[in-house]
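The sequence and structure come first.

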Amino acid sequence: MSSDVRHTTMLGRRSFLARAAGVALVGAFGAACSAPESRGTLRFYEQKQEVIAYFDKLLRAFEAEHPGLSVVHDSTSSIAPQFVRNDPADVGCFNANLELARYVERGQLSDLSHLPSAATIRPDIGKLAEQYATFPGRTSVLPYSLAAAGVIYNRKIFADHRLPVPTTWTEFVDVCTELKRAGVVPVYATGRTTWTIWQGLFDYSVGSLVDTAEFFRTMKELGTDVGPDSEVSFQKTFAVAMERAKTISTFFNADQAVRSYEDGNLAFGKGQAAMYLQGPWAIGQIALVDPKLDIGTFALPVSENPNDRKARVNVDLGLYIPQRSADVPAAAELVEFLMRPDVINAYNQDNLAYATTKTAPPQRDPRLAGLQTYVDRGAFYQGAGTFIPTSIPLGNYLQAAIGSGDFDTMLRQLDADWRRLARRGATT
Amino acid sequence: MKRRVEPVYYLFLVPTLVLFTAFVVGPALVGIFYSFTDYIGVGTWSFIGLSNYLALFDDPAILQSYTFTLGFAAVTVIIAQVIALGLAVGLSSRIRFLASLRSVFVLPMVLSGIVVAYVFSFLFSNTLPAAATAIGFAPLEQSILGNPDLAWLSIVIVSAWQTIPGAMLVYIGGLTAIPADLYEVSALDGAGPWRQFRSITVPLISGFIVINTILGVKGYLGAYDVIVGLTGGGPGTSTRSVAVTIFGGFTGGDYAYQMTNATIFFVLTVLISIVQLIATRGRMVRL
């Protein structure tokens, strides 16, 4: 079998050294103590800086349960170098996004469908990971942690001004107008940090109006034919959504263009704005400023029908085993350990996220209670911005559009860029 | 008589040659090779001939980044050289606290670009607007970093601020090499300070001006860290330099395409340096 061949001939440099060291150790002490036979070393690569210590503890627990296996824990925000060097970690735990999709599409990740835990994943969450790309006949990524994002709001400011949580677009505009009249910044934006404006303004405006997965599937099919008269296009399909975005941007803080993500967390933590278009990752940062700040979340309404509301989600962490892993069976053991209900549920509970399994309990943090119903019902979408390759500087285009109020030019630009990418086959 | 060069001297070249080939020439050739393919950094690839090159010339975003970079380099090099020369002349004259003043002016050089950029970005986004508001100077009450028409100025200012000390040191070295008696003689002949500067100082340090200009332009063409720290290429795409665009291609899976961009940029940078050399050749005065 090919994986056995790989096992012996393509042993990674580091795991080889580790095994050599292990053999030496066993040779030295083997006679004295009855140490378990070394089964080698796994490498685990994980993306989130915030949870390095958390995963470290998990991996030590795994080692204790699997005598002889040791796990090296590395963290990086960039997925490409390990694949480019042909030396990917045995188990990856990364954001399942367009970047990871490139490796999925090219068959660099092994099939996990036979693992027992694969059957425990909620089907609608499993589908999310496949919206960017798939490899025929394979389950390449197991979603591990789902993050849901919406509008974070300051409940005290809302109560002080006797404002309800808006459920329709008109109500939302009314709330903003009322706040502005009272001298409160309705929505704090951080235009200087480009990802924050596409993640918030762009994705939220589009998400409840357009089926993003379907839209981009068609866009890829159309390729170079995308234009004002094609079946779908940014100009045509996103027109209403960008009218909404334009209106929302008039309620931003005046200095949004020079405010960064850190500025935003600080300002919102100090109670300087009523709403903030950010995900759960910002909640932890806001709590550092004021742990007692009374905040809640809701999905941004962009139509007049409250039932249209959806939450923006992303597979914040997904597990995968590269084809080139030196020890696929051991890597699978680690995946199975991480997917165990007690482990996956605890991780997601502790990190303001949602476990991806059918039996997952609800997120108990009150600050996220406003989004629970969308996760339960599967009323969610992956942000439009996450489907756009980073070679299109979407965030920069948005800066210009917010500054000038001209979102049409941006949409025309996006169509032109899409055609150009499609011509050289770079839309994934 | 023909002098034989001791062979051991060639040995001294070996470490540099090996390192330069392995870490500069080799990777560059690999990059040029991939510019003719559709490689994304991983997996299989195939030759696509000149497609990347043709697509590049048809890409307004790429053309815009070249316009910005060339314009920025031209403006910055002039500003930086004028100020550096002025400072060098000042710091070569007989003034008090000369040594400490020289150290102060060299400080910016030892700071890393990204640190400088973040400090200035704070000044531009907070301090400057606050000061302008306090004195009621309306044009600067909004940060220039948020203004697509003015943001480039911030990059010129910070890049110049950071590179002036290096140029200044070179000029001070050049000024020291001019014999003092030239000035004494010309003073006896009735030449004032301006005339001395024009007719003695500038011609005798022209070689240093050439070197500084070529090195300066080369550095500004590769502007990256200052831009990332100050504007990130924004607002809009108004300050995206070629280097920022090229790097964007690596995370975006646009590897081969941006390799094409890098190849063209390399050729352009070499051409500019050659033109500068030719244009200034024969203008250098030697005593």
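Predicted model: local features only at pLDDT ≥ 70, side-chain atom pairs only at ≥ 80, totals over all residues.

The side chains of A:Arg420 and A:Asp417 meet in a salt bridge, 3.1 Å from N to O. Both residues belong to helix H19 of chain A, where they are three residues apart, about one turn of the helix.

Elsewhere in chain A, A:Asp56, A:Arg60 and A:Glu63 are joined into one network by salt bridges that share partners.

## Salt bridges across the sequence

Over all chains the structure holds 22 salt bridges. One of them links the side chains of A:Glu65 and A:Arg340 at 2.9 Å, N to O. A:Glu65 is in helix H3 (residues 52-65) of chain A, while A:Arg340 is in the loop between helix H15 (328-338) and helix H16 (341-350), so the pair ties together parts that are 275 residues apart in sequence. Both partners are partly exposed: A:Glu65 has 42% relative accessibility, and A:Arg340 has a relative accessible area of 30%.

A:Asp294 and A:Arg155 form another side-chain salt bridge, at 3.4 Å, N to O. Here the parts tied together are 139 residues apart in sequence, because A:Asp294 lies in the loop between helix H14 (280-289) and strand E7 (295-298) of chain A and A:Arg155 in helix H7 (residues 155-160) of chain A. A:Asp294 counts as partly exposed at 42% relative accessibility, and A:Arg155 counts as partly exposed at 37%.

## Backbone geometry

Most residues other than glycine have a negative phi, and most peptide bonds are trans. Which residues depart from this pattern?

A:Asn86, which is not a glycine, has a positive phi of about 60°. A:Asn86 sits in the loop between helix H4 (80-84) and strand E3 (91-94) of chain A, and is partly exposed, with a relative accessible area of 44%. In chain B, phi of B:Phe97 is also positive, near 55°. B:Phe97 is placed in the loop between H3 and helix H4 (98-110) of chain B, and its relative accessible area of 59% makes it exposed.

The peptide bond from B:Gly234 to B:Pro235 is cis, with omega near -5°. B:Pro235 lies in the loop between helix H10 (225-230) and H11 of chain B.

Chain B has twelve helices and zero strands. Its C-alpha atoms fill a box of roughly 75 × 75 × 30 Å along the principal axes. Of its 287 residues, 37% count as buried.

A nonpolar surface patch is formed by B:Val5, B:Val8, B:Tyr9, B:Tyr10, B:Leu11, B:Phe12, B:Leu13, B:Val14, B:Leu17 and B:Val18. Together these residues have about 1000 Å² of accessible area. B:Val5 belongs to the segment before helix H1 (7-34) of chain B, and is partly exposed, with a relative accessible area of 45%.

## The second largest pocket

The second largest pocket holds about 530 Å³ of space. Its lining has 33 residues, of which A:Pro393, A:Tyr397, A:Gln413, B:Ala61 and B:Thr237 lie nearest its centre. Two or more lining residues come from each of helix H18 (394-404) and helix H19 (407-423) of chain A, and from each of helix H3 (60-90), helix H11 (242-251) and helix H12 (255-280) of chain B.

H3(B) gives the most to this lining, with seven residues. By class, the lining has twelve nonpolar, 14 polar and seven charged residues.

## Cavities

How many cavities of 30 Å³ or more does the structure hold? There are four, and the largest cavity has a volume of about 80 Å³. Among the residues lining the largest cavity are A:Val187, A:Tyr188, A:Ile197, A:Leu201, A:Phe252 and A:Tyr276.

Strand E5 (185-188), helix H9 (194-207) and strand E6 (273-278) of chain A each supply at least two residues of the lining of the largest cavity. H9(A) gives the most, with four residues. The lining of the largest cavity divides into eight nonpolar, four polar and no charged residues.

How values were computed:
Residues numbered from 1 in each chain as written. Chains lettered and ligands numbered in written order. Heavy atoms only, no water. Patch = residues over 30% accessible without salt bridge, like charges linked within 9 Å, V, L, I, M, F, W, Y side chains within 5 Å. Areas by Shrake-Rupley, 256 points an atom, 1.4 Å probe, with all protein chains shown as cover. Salt bridge = Lys/Arg side-chain N within 4 Å of Asp/Glu carboxyl O. Buried < 20%, exposed > 50% of the residue type's maximum accessible area, 1.4 Å probe, protein only. 1 Å grid on protein atoms, 1.4 Å probe; cavity = no way out; pocket = protein on both sides within 12 Å on 5 of 7 lines; lining within 4 Å. Points joined across faces, edges and corners; volume = space filled by probe spheres on them. Nonpolar A, V, L, I, M, F, W, Y, C, P; charged D, E, K, R; others polar.
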